[in-house]
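Me: I have a structure open and want to go through it piece by piece. Can you take my questions as they come?

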Amino acid sequence: KIHTMLGSRLMVVARAVQTRSFHASAARQFDFSKFSDAVTSNEARLEVESLRSLYFEMKNNQSAESKKQLSIDWATWETSIQRPGLVAAFKAAHQSVPVLTCVSPFTAELESGFAKLITEAEAVAVDSEKAIIDLEQKLMDLRAASDWENMTFDDQMDLNPTIKREIAQDLENQKWFTV
């Protein structure tokens, strides 16, 4: 009789889970914005908004409940159920169910790949900091230089003697075009 009672109870629970999962997937696919666009009266829009807020409140509550760790108070069940050994049998069956843990064969490979990427990113960050310092120094040098609009060719050549020497050599050698 206990097996029949448990079997029928399991069927009720299974139907409830199926119904809930169907409703959850249906709600997940429901687009409130399209529905509210189709509604014309202000009262109906308020009802749709109320339904939407109720849905998201229930969804948040469900999410919060699913994260809770529940434990069974076996002592309370022992005192409230009058059948000797029944609670102990359920407790033994409950504790015999293994807790499955998901172990990915890819985790180690991914973690090592991410570690390499992080190391490379840190090296690039250091190089970037150095480049930023160099570019900021060049920018300060440019700002400190005299006014570019008023600088003559001779002023520029005086500031860059290497370029002045190369130009003078090219002119002496009758090299008019650099290719």
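Me: Start with the rings. How many aromatic pairs does the structure hold?
Reply: There is one aromatic pair in this predicted model. Tyr55 and Phe56 make it, in an edge-to-face arrangement, with 5.0 Å from centre to centre and 65 degrees between the planes.

Me: Why give both a distance and an angle?
Reply: Because a pair of aromatic rings is described by the distance of the centres and the angle of the planes.

Me: Is Phe56 buried or partly exposed?
Reply: Phe56 is partly exposed, as its relative accessible area is 38%.

Me: What share of the 179 residues is buried?
Reply: Buried residues account for 5% of the 179. The chain exposes about 16400 Å², and 61% of that comes from carbon and sulfur atoms.

Me: And contacts across the sequence, how many join residues at least 24 apart?
Reply: That is 12% of the contacts between residues at least 6 apart in sequence.

Me: Now confidence. What does pLDDT average over the protein chain?
Reply: The average is 76, and 78% of the residues score at least 70.

Me: Which elements have the lowest and the highest mean pLDDT?
Reply: Helix α1, residues 2-29, has the lowest mean at 49, while α8 has the highest at 90.

Me: Where does pLDDT stay under 50?
Reply: One such stretch is residues 1-7, for which the model has two contacts beyond four places in sequence. Another is residues 21-27, with one contact beyond four places in sequence.

Me: Switching to charges. How many salt bridges does a search of the whole structure find?
Reply: It finds two. In one, the side chains of Arg52 and Glu49 meet, at 3.9 Å from N to O. In the other, Lys164 is joined to Asp158, where the closest N and O atoms are 3.6 Å apart.

Me: Why would side chains like that pair at all?
Reply: Side chains of opposite charge can pair when their charged atoms come close.

Me: How are Arg52 and Glu49 placed in helix α3?
Reply: They are three residues apart in helix α3, which covers residues 42-66, so about one helical turn separates them. Arg52 is partly exposed at 23% relative accessibility, and Glu49 is also partly exposed, at 40%.

Me: Lys164 and Asp158 then, exposed or partly exposed?
Reply: Lys164 is partly exposed, with a relative accessible area of 41%. Asp158 is exposed, at 54%.

Me: What about the surface, which residues form the nonpolar patch?
Reply: The patch is formed by Phe153, Ile163, Ile167, Leu171, Trp176 and Phe177. Together they have about 680 Å² of accessible area.

Me: Which helix gives the most to it?
Reply: Helix α8, residues 161-172, gives the most, with three residues. That is the helix with the highest mean pLDDT in the chain.

Me: Take Leu171. Where is it, and how exposed?
Reply: Leu171 lies in helix α8. Its relative accessibility is 42%, so it counts as partly exposed. Exposed would need over 50%.

Me: Last one. What is the phi of Gln174?
Reply: It is near 60 degrees, which is a positive value in a residue other than glycine.

Me: Where does Gln174 sit, and is it buried or exposed?
Reply: Gln174 is in the segment after α8. Its relative accessible area is 54%, so it is exposed.

Conventions: Residues numbered from 1 in each chain as written. Predicted model: local features only at pLDDT ≥ 70, side-chain atom pairs only at ≥ 80, totals over all residues. Heavy atoms only, no water. Patch = residues over 30% accessible without salt bridge, like charges linked within 9 Å, V, L, I, M, F, W, Y side chains within 5 Å. Areas by Shrake-Rupley, 256 points an atom, 1.4 Å probe, with all protein chains shown as cover. Salt bridge = Lys/Arg side-chain N within 4 Å of Asp/Glu carboxyl O. Helix = DSSP H or I, 4+ residues; strand = E, 2+ residues; numbered from the N terminus. Buried < 20%, exposed > 50% of the residue type's maximum accessible area, 1.4 Å probe, protein only. Contact = heavy atoms within 4.5 Å. Phe/Tyr/Trp six-rings, centres within 6.5 Å; stacked < 30°, edge-to-face > 60°. pLDDT = per-residue confidence, 0-100.
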